[in-house]
Amino acid sequence: MSKLPQAHKFIDLSDYGRPIARRIANRLKSTNYTPVHVTLAFIVSGLIAVFCIIIGLYWTAAFFLILKSILDAADGELARVKETPSYTGRFLDSVADILLNAIIFGAIWYITDATIWLTIVAFFGIQLQGTLYNYYYVILRNKFDGDTTSRIFETKTPTALPGEKQSHVNILFRLYKILYGGFDKIIYVLDPRAAYEKVCPNWLMTSISTFGLGFQLLLIAVLLVSGLKEIIIPFFVGYSLMIFVFIVIRKLWYK
């Protein structure tokens, strides 16, 4: 099952790892490995990347950052091929992503001359970027009967799906709200009508997909191996201004 029907798919620049992710999922389909196991694997991959950044092994770090992106897609693919969607997996994935992002940016701060305050702004910026992308993407998925495990407005604890425990869903949802609630509210305030108006055209969604975590990690990997580690944090601070540009374009497009 795809996240979107064929007629509504767009080129997702952050989803370059999807073909390999599908192969991984198909290989694991008949095994005892679950999507949560794959999520744990991408956490390990992310932590290895952080260690390699700190000790200066930037090519190795780049490999594990990209592997993390691939595995990040593979857990969802495995849930689809096994037909075992879960809120546990959905929220664990998101909680792991934001914590790893914080650690990755902490490592970049450690190896560069960036101030801690600029690093915090950059981290805040990439989270807002990802939130805007996910906001528009989930609207698309919900409007066109795509994968609906993610909801447009995460306001109340969902009921556990078959095969998962409600207690796990409760804990992970609380963590999700603590970590993401503020970002969700900011994006909603900036574009509250997005869920009720026409969906973004495919070309705009492709542009906004540069805010996806996969693309962000790819950029970090490329800048590391290119000897441009010093511009990583300033770049993400500056690129966050595109949040306002994309929102204005969406609003004007349907004015």
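## Helix α8

Helices here are DSSP runs of H or I with at least four residues, numbered from the N terminus. Helix α8 covers residues 213–225, 13 residues in total, and spans 19 Å from its first C-alpha to its last. That is close to the 18 Å expected at 1.5 Å a residue, where the expected span is 1.5 Å times one less than the number of residues. Just after α8, G227 has a positive phi of about 75°.

This is a predicted model, where local features need pLDDT of at least 70, side-chain atom pairs count only at pLDDT 80 or more, and totals for chains, interfaces and linings use all residues. Residues are numbered from 1 along each chain as its sequence is written, and side-chain values use heavy atoms, leaving out hydrogens and water.

## What covers it

Several α8 residues are buried, including L213, F215, I220 and L224; buried means under 20% relative accessible area (1.4 Å probe, protein chains only). Among the elements covering the buried residues of α8 are α2 (35–55), α5 (116–143) and α9 (232–239).

## The cores

A nonpolar core is a set of buried Ala, Val, Leu, Ile, Met, Phe, Trp, Tyr and Cys residues joined through side-chain atoms within 4.5 Å. The largest one has 59 residues, and I220, L224 and M205 are among those with the most contacts inside it. Its largest share, 11 residues, comes from α5. A second, separate core of 11 residues includes A21, A25, L71 and A74.

Notes:
Helices (H or I, at least four residues) and strands (E, at least two) are DSSP runs, numbered from the N terminus. Buried means under 20% relative accessible area, exposed over 50%, partly exposed in between (1.4 Å probe, protein chains only). Contact means heavy atoms within 4.5 Å.
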